[in-house]
Amino acid sequence: MSNDTDPVSDGQSMESLFAAYYPLFVMIAGTILNSFTLFVLSYSSFKKTKKQPTIHYMRAMAIFDILILYGWNFQHFLSSVYGFTLERYNIPSCKFFLPFGYFTVQTTAWLRVFVCLDRYLSLSRLHRTWFGHSKNVIIIILLTITTLLLFNLHIAIFGCFYAPDGTIDINSKLYVIFPLWDYINLAVYNFIPFIFMLVFNVGSIYHLIRLQKATTVQNSRIQHRSISIALLTSTFLFILLTLPANIIFSFFQSSTSSSVLHLVDGGLFTYHILSFPLYLITFNKFRKECFALITRGKITARIAPRINALTAS
């Protein structure tokens with residue numbers, strides 16, 4: 001998925017400049033927006049995770065949506081502007097950043113799979129299942145992270161060595177890692193999660209429609225509707241924006257124009273800065289908490305100088 005390009009020069013087109021510096025914009029904007037999302041989700045209204053354990057998934061996704069921007073996205077910026085990547089800078093950085101890119105994208109995909117499962121079970125079951133308890137959600141998140149970390153660990157152990165010409169070869173001396181691992185990543189990051197997300201989302205939509213006609217007996221589950229719409233929208237966008245990029249980079253990179261490659265690549269990483277605006281639009285509780293935080297901040301900014309003046313006097 002990592003692609004090396006020539007550094008930009010003064011004579012290059014606006015398209016080249018945009019393609020070079022857009023990853024930097026995504027990295028800065030994504031770090032700010034996802035950090036604020038994590039801050040809001042850690043505030044008082046969302047601390048009662050026993051009632052809504054899905055918040056654990058949302059926090060974990062916010063963290064990995066930050067980390068993912070410092071993998072391949074950051075490599076694309078370095079490659080376009082400075083003509084090098086950390087994956088080929090030296091052996092230690094190669095052994096860290098090469099598996100880091102695969103690990104982060106796969107983890108964020110499977111966290112979203114479990115979010116879809118959680119929403120489906122919350123909407124389709126009258127009583128909470130094993131997957132719906134706060135402690136078990138944390139276990140699922142930790143197992144997902146650990147499993148995918150071990151899954152990609154062989155790249156750090158066996159990959160990256162100096163070729164006879166002095167350059168860094170990202171393959172292994174014992175076996176060929178690439179391009180095979182790109183095809184495996186396509187399945188683990190996109191195809192398999194896509195199938196699970198589609199199945200769970202279709203089931204969730206079916207039960208959301210049923211809840212529109214819910215009786216008073218079912219009203220205890222209607223509280224899940226807002227957060228379900230927010231997360232369903234997020235997972236559908238994940239499929240829409242990440243799948244084309246991974247298919248093109250895995251199978252058609254050599255025959256695809258640079259404009260198309262930059263477009264789909266930008267779409268892939270843009271997805272990971274969209275959680276905040278998506279939650280703000282579709283998740284009512286999140287929106288209220290954001291406005292409350294902003295209001296409190298303004299009131300504090302106005303009152304603090306007066307308190308300081310009274311204290312001084």
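Guide: Happy to. Let's start at Phe-161, which touches Ile-91, Thr-167, Ile-168, Asp-169, Asn-171, Ser-172 and Lys-173 when residues up to four places away in sequence are not counted (contact means heavy atoms within 4.5 Å). Before going on, please keep in mind that this is a predicted model, in which local features need pLDDT of at least 70 and side-chain atom pairs count only at pLDDT 80 or more, while totals for chains, interfaces and linings use all residues. Residues are numbered from 1 along each chain as its sequence is written, and side-chain values use heavy atoms, with hydrogens and water left out.

Phe-161 sits in strand β1, residues 159–162 (strands are DSSP runs of E with at least two residues, helices are runs of H or I with at least four, and both are numbered from the N terminus). With a relative accessible area of 17%, Phe-161 is buried (buried is under 20%, exposed over 50% and partly exposed in between, using a 1.4 Å probe and protein chains only). Pro-92 is 69 residues from Phe-161 in sequence, yet their C-alpha atoms are 10.0 Å apart in space.

Cys-160 also belongs to strand β1. Its phi is near 75 degrees, a positive value in a residue other than glycine. Cys-160 is buried too, with a relative accessible area of 6%. Pro-179 is found in the loop between β2 (168–172) and α6 (180–212).

Stepping back, the protein chain has 11 helices and 2 strands. Along the sequence they follow the pattern α-α-α-α-α-β-β-α-α-α-α-α-α. Of the 313 residues in the protein chain, 49% are buried. Among contacts between residues at least 6 apart in sequence, 77% join residues at least 24 apart.

Now to the charged pairs, where there are 2 salt bridges (a side-chain nitrogen of Lys or Arg within 4 Å of a carboxyl oxygen of Asp or Glu). One of them pairs Arg-112 with Asp-65, whose closest N and O atoms are 2.9 Å apart. Arg-112 is part of helix α4 (residues 91–124) and Asp-65 of helix α2 (residues 54–67), so this pair ties together parts that are 47 residues apart in sequence. Both Arg-112 and Asp-65 are buried.

Ser-275 meets this pair: leaving out residues up to four places away in sequence, it touches Asn-34, Asp-65 and Arg-112. Ser-275 is in helix α10, residues 275–282, and at 5% relative accessibility it counts as buried.

The other salt bridge joins Asp-118 and Arg-119, with the closest N and O atoms 2.8 Å apart. Asp-118 counts as buried at 4% relative accessibility, and Arg-119 is buried with a relative accessible area of 2%. Leu-117 is in helix α4 and counts as buried at 15% relative accessibility. Aside from neighbours within four places in sequence, Leu-117 is in contact with Phe-131 and Phe-200. The C-alpha atoms of Leu-117 and Phe-131, 14 residues apart along the chain, are separated by 8.5 Å.

Asn-34, one of the contacts of Ser-275, is among the buried residues of α1, which also include Ala-19, Tyr-22, Pro-23, Val-26 and Met-27. The 28 residues of helix α1 (residues 14–41) should span 40 Å, and its end C-alpha atoms are 38 Å apart, which agrees (the expected span is 1.5 Å times one less than the number of residues). Within α1, a kink of about 35 degrees lies at Tyr-21, shortly before the proline Pro-23 (the bend is the angle between axes fitted to the seven residues ending at a residue and the seven starting there).

Finally, α1 and helix α3 (residues 72–82) pack at an angle of about 145 degrees, with their axes 8 Å apart (axes are lines fitted to C-alpha atoms, for helices over the stretch in contact, and angles run from 0 to 180 degrees between N-to-C directions). On the α1 side the contact includes Tyr-21 and Pro-23, and on the α3 side it includes Phe-74, His-76 and Phe-77.
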